[in-house]
Amino acid sequence: MRQNRPSVKYKRSTAFSLAQGVVESTKKKMRYIFSMPFIEYECGPSLWWRQDPAQLAQLDTTGLPDVVPLQAADDDFCTAVQKWLPAEACGSHDGKPIILVDWDPYTLSPANLKHLQKQRALFTLKHNGESSLSIVASNPAPLGTQLCIDIYARDFPTWKKHVLKHLHDASIRFKSDHICAKMFVGLPELELDSVHDFCTDVLNMDKIKLSDTRMRADVFECEL
C-alpha cells in the first residue's frame, strides 16, 4: 500500500463481531473505532411478493416520496447523510465520517461516492430537507443471487422505503432466483427490532442459518 500510495498513513479493517478470536487479535494490532449492525435474510422465488413484486407497494405505509437514483454526490449531501451515522463513525484519525459498503470502510465524501457509482447503484430519498443513502449491488451466489444493501437513514420508515424499492427491483430482475439479502443497517440501535420484525413477520423472509440478531461489523484503524 505504501509503495503504491506513499501519502497513505493509516489503514482500516473490519471484523465480524461474533468471531471473537479474530476481533481480539485485531484489537491487539489496530484501534477500534465503531461498529455497525449487519443482518442477513433470504427468500425463494415462490414467496408471495416474489411472485408479484407489485404487492410490495401495499406494504408502503410511510407516506414518503420515492427512492430515486443519486444524482449529486456533493458536500451538502454527505453532511446530510452523516447525521444518521453513529457518532463514533467520526472517530478515525482525520475525524471524517466512515460508512461501510459490503464490509469495506469508506470515508463518506463526494469523491468516494462518485467512485462507488461506477461499481454499484446509489439511491437517495429526500424529504423535509433531509437525505438518506442506500448503496446496492448484486452478485452471483451458489443458490441464486446475493443482494448487498447498505442503508443510512433517519428512521425505520425511511429504511423501509429503501428496502421495499430494492427488493421490488431485485424480484423483477432475478425473478426465478433465490435471493440472499445482506444489509448494513445505519439506524439508531432502538429501531433494530423493527427491522427484524419487518423482515420476518411482514416480508416472511427467513433468517439465514447460523446468523444472529446481534451481528455487527467492527471497524478498526492503525497507522502504517
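**Strand pairing and selected residues in a predicted model**

Pro69 has Phe123 of strand S6 as its bridge partner. This pair belongs to an antiparallel arrangement in which 2 bridges join strand S3 (residues 68–69) to strand S6 (residues 121–127). Strands are taken from DSSP as E runs of at least two residues, and helices as H or I runs of at least four, numbered from the N terminus. Two strands are said to pair if DSSP finds at least two bridges between them.

The structure is a predicted model, in which local features need pLDDT of at least 70 and side-chain atom pairs count only at pLDDT 80 or more, while totals for chains, interfaces and linings use all residues. Residues are numbered from 1 along each chain as its sequence is written, and side-chain values use heavy atoms, with hydrogens and water left out.

The protein chain contains 6 helices and 11 strands. Its radius of gyration is 18 Å, close to the 17 Å given by the globule rule for 224 residues, so the chain is as compact as a globular protein of that length. The radius is taken over C-alpha atoms, and the rule is 2.2 Å times the number of residues to the power 0.38. Along the principal axes, the C-alpha atoms fill a box of roughly 50 × 40 × 35 Å. Of the 224 residues, 49% are buried; buried means under 20% relative accessible area, exposed over 50%, and partly exposed in between, with a 1.4 Å probe and protein chains only. Among contacts with a separation of 6 or more, 75% are between residues 24 or more positions apart, where contact means heavy atoms within 4.5 Å.

Strand S6 also pairs with S7, antiparallel and through 7 bridges. Within this pairing, Thr124 stands opposite Leu133 of S7. The hairpin of S6 and S7 has 2 residues between the strands, and Asn128 takes a positive phi near 50° there. Glu130 lies in strand S7 (residues 130–141). With a relative accessible area of 18%, Glu130 is buried. Beyond its neighbours within four places in sequence, Glu130 is in contact with Lys83, Trp84, Leu125 and Arg154.

A further set of pairings involves strand S11 (residues 216–223), which is mostly covered, with 7 of its 8 residues buried. Strand S1 (residues 10–16) runs antiparallel to S11 and is joined to it by 7 bridges; here Thr14 stands opposite Val219. Strand S2 (residues 31–43) pairs with S11 over 6 bridges, also in the antiparallel sense, and Pro37 has Arg216 of S11 as its bridge partner.

Trp103 makes contact with residues of these strands. This residue is found in the loop between strand S4 (98–101) and strand S5 (104–107). Not counting residues up to four places away in sequence, Trp103 touches Thr14, Ala15, Phe16, Phe38, Phe184, Arg216 and Ala217. From Ala80, Trp103 is 23 residues away in sequence and 22 Å away in space, C-alpha to C-alpha.

Most residues other than glycine have a negative phi. Trp103, although not a glycine, has a positive phi of about 80°. Asn204 likewise has a positive phi, near 60°. Asn204 is placed in the loop between helix H6 (192–202) and strand S10 (206–207), and it counts as partly exposed at 35% relative accessibility.
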